[in-house]
Amino acid sequence: MKKKIVLVQDNEDILDIMDQVLKEEGFDVTSSLTTEPIEHIEEIEPDLVIVDDHIKGNKKGSEVIEKLKSEPETEDLSAVLTSTSYNLPKEAKDCKADDYIEKPFDIDHMITVVKKNS
């Protein structure tokens, strides 16, 4: 059975690249430029969420992950934060993300992080 990933990014080109690479790696990907899939997380039942810190909307990606990690139904869900921030390791730790991917990212590194956390 394919592992499921919810992918939320702020840039359509990056979203498309990540989506394509992850699908080629055999993952079932739900990708979006908004947090809409996060609102349906219990229906999707992903193995991993990957959220950019600078997503469109009222919340930062780190806040989305922090909320997921604070709720009993989703606290065990693996979460990866992505960003161009120089402070990403600390931001990921502060929001309780399981890992992070710095942008611009190396595709092989992204695949390694996703496989390790899914």
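Q: What covers the buried residues of H6?
A: The cover includes E1, H1, E3, strand E4 (78–83) and E5. Keep in mind that this is a predicted model.

Q: Which residues of H6 are the buried ones?
A: Met 110, Ile 111, Val 113, Val 114 and Asn 117. They sit on the same side of H6, because they cover an arc of only 165 degrees around the axis.

Q: And what is exposed on the other side of H6?
A: Asp 108 and Lys 116 are exposed there.

Q: Which residue caps the N-terminal end of H6?
A: Asp 106 does. One of its side-chain oxygens lies 3.2 Å from the backbone nitrogen of Asp 108.

Q: New topic. How many salt bridges are there?
A: The count comes to nine.

Q: Pick one. What does Asp 10 form a salt bridge with?
A: With Lys 103. The closest N and O atoms are 3.3 Å apart. This pair links distant parts of the chain, 93 residues apart. Asp 10 is in the loop between strand E1 (4–8) and helix H1 (12–24). Lys 103 is in the loop between strand E5 (99–102) and helix H6 (107–117).

Q: Is Lys 103 buried or exposed?
A: Lys 103 is buried, because its relative accessible area is 10% and buried means under 20%. Asp 10 is partly exposed, with a relative accessible area of 25%.

Q: Where is Asp 52, and what is its link to Lys 103?
A: Asp 52 forms a salt bridge with Lys 103, and the closest N and O atoms are 2.6 Å apart. Asp 52 is in strand E3 (residues 48–52), 51 residues from Lys 103. Both Asp 52 and Lys 103 are buried.

Q: How far apart in the helix are Asp 19 and Lys 23?
A: Four residues, about one turn of helix H1. Asp 19 is buried, with a relative accessible area of 13%. Lys 23 is partly exposed, at 43%.

Q: Why does Pro 46 count as buried?
A: Because its relative accessibility is 10%, and the cut-off for buried is under 20%.

Q: What is Pro 46 in contact with, leaving aside its neighbours within four places in sequence?
A: Lys 4, Ile 5, Val 6, Ile 41 and Leu 77. Take Ile 5: it is 41 residues from Pro 46 in sequence, but the C-alpha atoms are 5.2 Å apart in space.

Q: Last topic, pockets. What volume does the largest pocket have?
A: About 180 Å³.

Q: Which residues line the largest pocket?
A: Thr 35, Ile 38, Glu 39, Ile 41, Glu 42, Lys 59, Val 64, Lys 67, Leu 68, Glu 71 and Thr 74.

Q: Which helices supply at least two residues each?
A: Helix H2 (36–39), H3 and helix H4 (61–70). The largest share of the lining, three residues, comes from H4.

Terms used. Residues numbered from 1 in each chain as written. Predicted model: local features only at pLDDT ≥ 70, side-chain atom pairs only at ≥ 80, totals over all residues. Heavy atoms only, no water. Salt bridge = Lys/Arg side-chain N within 4 Å of Asp/Glu carboxyl O. Buried < 20%, exposed > 50% of the residue type's maximum accessible area, 1.4 Å probe, protein only. Contact = heavy atoms within 4.5 Å. Arc of directions from axis to C-beta. Polar contact = N/O pair within 3.5 Å; in protein donor to acceptor, adjacent residues only side chain to side chain. 1 Å grid on protein atoms, 1.4 Å probe; cavity = no way out; pocket = protein on both sides within 12 Å on 5 of 7 lines; lining within 4 Å. Points joined across faces, edges and corners; volume = space filled by probe spheres on them.
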